[in-house]
Amino acid sequence: MSICNSCSTAITSRSLSITCNDCKLPWHAKCQKLTREDVAFYNDEGSYWRCHSCSAAKRASLRIDNQINDDNTNLSDIKDIILQIKDSFEMFKKETGNNFDLINKQINMIDKIITDNQNMKTQINTLESKIEFLERRLINNEIVIDGVPENKLENCYEIVKAIGTQLNIKITDPMINECHRVGRTQNNLTRRIVVGFTSHQDKIYPNSR
């Protein structure tokens, strides 16, 4: 994206702009007080166009050439013209410097966005790893009970404890982290009961407490 060398703002596809044939820098047409017809003329006719800074420098240069060839030219006149060229150059340097400052600010902003994005990716990867670890830990402490008749008023915790009693295994409330059925009720199929124990030890050796 080009930057206008006068106002230091972006030149978009909708902007009316023109490029100086001397300094090769882009300018907004309005910053150079050019109409749409002026721009069309220079573009269509391929005419040579100079920005204000280059035009001023060119005029001063021509005056030097003319006065050097003039026998009546004195050093004071040449000094004045050189000072005019210097002023034109300083203006050009200032305008160009402003553009470089703007570009550097935009580059710094892009660098910050890239750095923030990389930090966010690192944090996301860390969180995903923690979530995966916790999910594996939960699954590692789970058992699935199948084939138990289902009742709307049932209490899954009491069902699990009753099953433990039938197996001579004492299961208490603190040993169970969560207990519920999974899946949708359809075609009179009995849903499974998933039991999440508080620890892996409670799952493997429930009577060791």
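Just after helix α1 (residues 36-45), G46 adopts a positive phi of about 70°. Helices (H or I, at least four residues) and strands (E, at least two) are DSSP runs, numbered from the N terminus. Of the 10 residues of α1, one is buried, so this helix lies largely in the open. Buried here denotes a relative accessible area under 20%, exposed one over 50%, and partly exposed a value in between (1.4 Å probe, protein chains only). The model is predicted: local features need pLDDT of at least 70, side-chain atom pairs count only at pLDDT 80 or more, and totals for chains, interfaces and linings use all residues. Residues are numbered from 1 along each chain as its sequence is written, and side-chain values use heavy atoms, with hydrogens and water left out.

The structure holds one aromatic pair. This pair is formed by F41 and Y42 in an edge-to-face arrangement, with 5.5 Å centre to centre and 70° between the planes. Rings of Phe, Tyr and Trp (its six-membered ring) are taken as paired if their centres lie within 6.5 Å; planes under 30 degrees apart count as stacked, over 60 as edge-to-face and the rest as tilted. F41 is partly exposed at 44% relative accessibility, and Y42 is likewise partly exposed, at 24%.

The protein chain contains five helices and seven strands. From the N terminus on, these elements follow the order β-β-β-β-α-α-α-β-α-β-β-α. Of the 209 residues of the chain, 23% count as buried. The accessible surface comes to about 15,500 Å², of which carbon and sulfur atoms account for 53%; areas were computed by the Shrake-Rupley method with a 1.4 Å probe, and for residues only the protein chains shown count as cover. With contact defined as heavy atoms within 4.5 Å, 48% of the contacts between residues at least 6 apart in sequence join residues at least 24 apart.

An open sheet of three strands has the order β5-β7-β6, with antiparallel pairing. Strands β5 and β6 stand at the edges, each with a single partner strand, so one side of each is left without a neighbour in the sheet. Neighbouring strands of this sheet are turned by 20° against each other on average, direction ignored. Two strands are considered paired if DSSP finds at least two bridges between them. Four bridges join β5 (residues 142-145) to β7, and six connect β6 (residues 176-182) with β7. G196 of β7 is the bridge partner of E142 and also that of E178. Five of the six residues of β7 (residues 192-197) are buried, so this strand is largely enclosed by the rest of the structure. Helix α4 (residues 156-166) lies across β5, β6 and β7 and runs at about 105° to β6. Axes are lines fitted to C-alpha atoms, for helices over the stretch in contact, and angles run from 0 to 180 degrees between N-to-C directions.

The count of disulfides is zero, a disulfide being a pair of cysteine sulfur atoms within 2.5 Å. The sulfur of C7 lies 3.7 Å from the closest cysteine sulfur, in C4, too far for a bond. For C51, the closest cysteine sulfur is that of C54, at 3.5 Å, again too far for a bond. C7 is partly exposed at 33% relative accessibility, whereas C51 is buried, with a relative accessible area of 0%.
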